[in-house]
Amino acid sequence: MQKLKSIFLDRDGVINFDKGYVHKKEDFEFIPEIFDLLKYFKDREFTLFIITNQSGIGRGYYSLGDFNKLNTWMLSELEKFDIHIERVEFCPHKPTDECICRKPKTGMLDQIMKDYDIDLDNSWMIGDKESDINFAKNGKIKKTICVDISNKVMTKTKPDFIVTSLGDIKNII
């Protein structure tokens, strides 16, 4: 059986605009280019995963039920465009909880790898924070893209590519 080439996507800042602890659909705003980009990946037979830290749950800003409700809505909206996300993995913990799943640690990837045979050498991580890029490096995902819509400069971690628009990713992958 052939290993899956996959795209791992952060949610806030890549799928939707990061407005801080987004947990209601009325606050969730898709980045417009995401639909075209995800269709592009689908056409190239990538398996799509979302990997997201959701410390708002651990901080008590919103509940697991709130997250699940928004997640179900988001996935159904993507399905309207014939975009299938294979799985959403999330970390509900606060940064101080020292869990194994919060990016840049690899617990979420480890969970996915238990169920899927993924070719990490031909997979990509797309994120907007250093923790996303470090997650990829720690998890042996070979290729990384930082979406830097607000032109903030990464100081310590060097992604393979930095883009200022999701549309630019099609020139890379």
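**Exercise 1. Locate G20 and decide whether G20 is buried, partly exposed or exposed.**

*Solution.* Start with the position: G20 is found in the loop between β1 (6–9) and α1 (34–43). Here helices (H or I, at least four residues) and strands (E, at least two) are DSSP runs, numbered from the N terminus. This is a predicted model, where local features need pLDDT of at least 70 and side-chain atom pairs count only at pLDDT 80 or more, while totals for chains, interfaces and linings use all residues. Residues are numbered from 1 along each chain as its sequence is written, and side-chain values use heavy atoms, with hydrogens and water left out.

Next, recall the cut-offs: buried means under 20% relative accessible area, exposed over 50%, and partly exposed in between (1.4 Å probe, protein chains only). G20 has a relative accessible area of 39%, so G20 is partly exposed.

**Exercise 2. Find the distance between the C-alpha atoms of G20 and G56.**

*Solution.* Along the chain, G20 and G56 are 36 residues apart.

**Exercise 3. Describe the surroundings of T52.**

*Solution.* Second, check the accessible area: the relative value is 1%, so T52 is buried. Third, list contacts (heavy atoms within 4.5 Å). Leaving out residues up to four places away in sequence, T52 touches several residues, among them D10, F67, F90 and M108. Finally, look at side chains: those of T52 and Q54 are joined by a polar contact of 2.7 Å. Such a contact is a pair of N or O atoms within 3.5 Å; within protein, one must be able to donate a hydrogen and the other to accept it, and residues adjacent in sequence count only if both atoms are side-chain atoms.
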